[in-house]
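Try each one before reading its solution.

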Amino acid sequence: MTVRKSLTVHYRKVEDPVGAMEGRTLEALVRSSLASVQDGGPLSEHWKRRAWLVPPDNTDTLLMNVFHDDGASVFGDLTVYTRGFMQALLKDEPDAAMLSVEQQPPPQGREYIHSMMFWMIIGNHVLTIQS
């Protein structure tokens with residue numbers, strides 16, 4: 001039997017009462033931002049251009065990793081990780097009063113992810129799903 005996990009889809013509609021978006025939709029603004037040039041190339045062409053250190057201590061990184069533009073919507077994720085973060089692990093022992101806890105660093109060239117949020121924008125309509 002398949003066990004299904006429930007999830008919550010959040011919805012917001014962007015309003016622009018002061019005209020800061022100059023008549024453009026959020027979808028168009030995101031599309032334009034991904035095409036903008038930063039550090040020698042478009043944001044869309046290298047993940048490091050879409051990664052931001054989170055203040056105040058700059059230990060967590062917020063990364064727009066996955067994104068897709070199908071012409072009718074833009075879709076992507078936001079991933080949060082901490083470089084070098086140690087992951088706590090339980091050692092499974094079938095016949096013990098307590099289980100030991102160990103910490104393990106990520107494998108070389110990898111990072112443990114704290115959370116991911118998926119988003120989709122159509123016009124000024126925003127849908128998000130937290131993983």
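**Exercise 1: an aromatic pair**

Phe75 has a relative accessibility of 31%, so it counts as partly exposed. This is a predicted model, so please read each value as computed from it.

Task: find the aromatic pair and classify the geometry of its rings.

Solution. Start with the count, which comes to one aromatic pair. Next, look at the rings of Phe75 and Phe118: their centres are 6.5 Å apart and their planes meet at 10 degrees. Planes under 30 degrees apart count as stacked, so this pair is stacked. Then place the partners: Phe75 belongs to strand 7 (residues 74-82) and Phe118 to strand 10 (residues 113-122), so the pair ties together parts 43 residues apart in sequence. Finally, check Phe118, which is partly exposed with a relative accessible area of 30%.

**Exercise 2: Thr61**

Task: decide whether Thr61 is buried or exposed, and list what it touches.

Solution. First locate Thr61 in strand 5 (residues 60-63). Its relative accessibility is 8%, and the cut-off for buried is under 20%, so Thr61 counts as buried. Leaving out residues up to four places away in sequence, Thr61 touches Ala51, Trp52, Leu53, Val54, Thr79, Val80 and Tyr81.

Terms used:
Residues numbered from 1 in each chain as written. Predicted model: local features only at pLDDT ≥ 70, side-chain atom pairs only at ≥ 80, totals over all residues. Heavy atoms only, no water. Helix = DSSP H or I, 4+ residues; strand = E, 2+ residues; numbered from the N terminus. Buried < 20%, exposed > 50% of the residue type's maximum accessible area, 1.4 Å probe, protein only. Contact = heavy atoms within 4.5 Å. Phe/Tyr/Trp six-rings, centres within 6.5 Å; stacked < 30°, edge-to-face > 60°.
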